[in-house]
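Dear colleague,

I am handing over the structure below, and I would be grateful if you could look through it alongside the notes that follow.

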Amino acid sequence: MNHISMDTGVEVVARNDFDIRFPAKEDLSLPYRQLFPLITNAANTPFHAILPHRIKENINSLKQVLSHQLGAHFQVLYAMKTNRSAALVKAAAEEGIGIDVSSLEEFQLALTQGVIGRQCSLSGPFKSEAFLTLALRQEARIVVDTDEELIQIQGLASSIGKSARVLLRWNAEQPHTRFGMNKEKLKAASLFADSLSNIELEGAGFHLSGYCPFERGKALSELLDIADALRFGADIRWKAINIGGGYPLRYVEEATWRRFQNAIDKEDFAAGRMPKSFYPYWHPDTLETAVEKVLKEGDNAARLKANRIELIVEPGRALTDGAGFTTFEVLGTKTTNAGDYCVIVKGLSFSFSETWFNSEFIVDPLHLPVSEESTDSFIPVRAYIAGQSCLEEDVLTYRKVPFSQMPKAGDLLVFNNTAGYLMDLLETRFHGLPIPNKVVLDNKEDSFLIEEVRG
């Protein structure tokens with residue numbers, strides 16, 4: 001028996017069951033299976049499938065909640081760092097939302113896909129002059145961390161005859177973050193920004209780790225208190241507050257998540273490498289219910305409307321829920337010295353990044369055999385999955401995944417719901433291998449488009 005603690009804060013007692021399966025909530029690949037031979041021939045393997053219609057659905061669901069609570073006083077931004085697929089950015093543009101960008105390259109991609117510059121927001125510390133210049137010319141909001149950055153932006157804006165739209169970043173009194181400023185510095189920076197020519201102070205924002213809507217709601221209430229103090233004390237009126245991202249989604253059904261919590265043990269992992277914590281693959285809240293709770297906490301929605309302050313939300317992973325899947329081809333299998341079965345796939349775990357963050361993607365991959373065979377001789381096995389490189393750590397999942405039969409060369413393994421942070425966060429041309437293609441399906445079951453590979 002082994003006691004493990006999950007991100008949901010529930011301590012559970014684990015046991016070892018051989019054939020506990022953890023299927024995805026939805027098989028996103030099913031409508032497109034007939035295209036797989038064409039896709040693998042044209043795009044090779046591994047490949048990332050992108051489903052832009054799903055991010056559109058998520059955007060519209062979130063807009064409905066925000067509109068109901070706030071009327072027209074809100075803005076949705078897609079956090080592009082989640083997935084830099086041009087098709088997803090274009091889908092966001094078509095739904096009329098902006099993009100949170102953290103580099104010149106992200107901003108340029110957003111603009112080429114039809115995103116309106118004024119609807120974008122620049123994140124990240126000490127941005128380059130080229131990045132800031134483009135933001136000034138496009139009238140994008142600039143999130144500012146320090147007084148030094150304010151002075152840099154003011155000088156640049158003055159030199160090109162532009163006014164900078166600025167949001168100050170509050171650190172939400174988190175003691176160990178390197179981003180943002182505390183309350184006192186935030187108030188002082190607000191006064192300083194208000195005194196500068198070519199600076200239009202529009203408000204402030206914060207980003208919190210974790211997925212607790214009540215913490216975000218309380219942080220928003222505190223920031224509204226600061227806004228009140230500045231309005232009454234210095235006649236500084238904020239127009240906007242950005243509450244960042246960090247909203248949950250559901251990869252699996254609740255029963256599957258509970259079963260995982262109660263079944264998993266270090267013996268279920270190659271070399272006993274079980275992470276200390278996991279992403280909450282099921283959460284009691286969805287993106288929509290979490291945002292509702294943030295707005296209901298401390299009467300936040302009413303306060304925002306009363307002061308005509310626009311609420312900005314920046315979901316990333318939650319907006320890409322259901323917007324993609326990843327397919328690897330099996331190269332072969334082997335048995336390790338420890339007696340574990342290992343499935344080797346074509347490609348690298350850098351294209352499926354969870355283990356590189358000392359965690360695991362707990363959702364079972366779908367096994368698609370290359371040929372149909374009699375099921376009489378199938379022997380269930382459990383095997384962990386590794387990439388083809390020379391690195392011992394090139395492992396997609398240390399968890400010994402249950403298979404009804406041992407995968408063989410040419411078979412496909414499909415991981416569902418990988419658009420959020422799994423596809424391109426760490427991708428590399430290690431060993432000279434190509435970066436996997438992104439294949440855009442866009443709700444079309446008879447055709448596909450291969451995106452330009454972006455290194």
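On a 1 Å grid over the protein atoms alone, a cavity is a set of points where a 1.4 Å probe fits but cannot get out, a pocket is an open set with protein on both sides within 12 Å along at least five of seven lines, and lining residues have an atom within 4 Å of a point. Grid points are joined across faces, edges and corners, and a volume is the space filled by probe spheres set on the points. Please note that this is a predicted model, in which local features need pLDDT of at least 70 and side-chain atom pairs count only at pLDDT 80 or more, whereas totals for chains, interfaces and linings use all residues. Residues are numbered from 1 along each chain as its sequence is written, and side-chain values use heavy atoms, with hydrogens and water left out.

Searching the whole structure gives four cavities of 30 Å³ or more. The second largest cavity has a volume of about 60 Å³, and of the 10 residues lining it, Ile 20, Phe 22, Ile 264, Asp 268 and Arg 382 are the closest to its centre. Its lining comprises five nonpolar, no polar and five charged residues (nonpolar being Ala, Val, Leu, Ile, Met, Phe, Trp, Tyr, Cys and Pro; charged being Asp, Glu, Lys and Arg; and polar the others, Gly among them).

The largest pocket holds about 710 Å³ of space, and the closest to its centre, of 30 lining residues, are Lys 81, His 207, Leu 208, Gly 246 and Tyr 421. Here the lining divides into 10 nonpolar, 13 polar and seven charged residues.

Turning to helix H10 (residues 287-296), its buried residues are Leu 287, Ala 290, Val 291, Val 294 and Leu 295, where buried means under 20% relative accessible area, exposed over 50% and partly exposed in between (1.4 Å probe, protein chains only), and helices (H or I, at least four residues) and strands (E, at least two) are DSSP runs numbered from the N terminus. These residues lie on the same side of H10, because they cover an arc of only 135° around the axis, the arc being that of the directions from the helix axis to the C-beta atoms.

Finally, two backbone details deserve a look. Ala 271, in the loop between helix H9 (254-263) and H10, has a positive phi of about 60° although it is not a glycine, and Ala 271 is exposed, with a relative accessible area of 71%. The peptide bond from Thr 45 to Pro 46 is cis, with omega near -5°.

With best wishes
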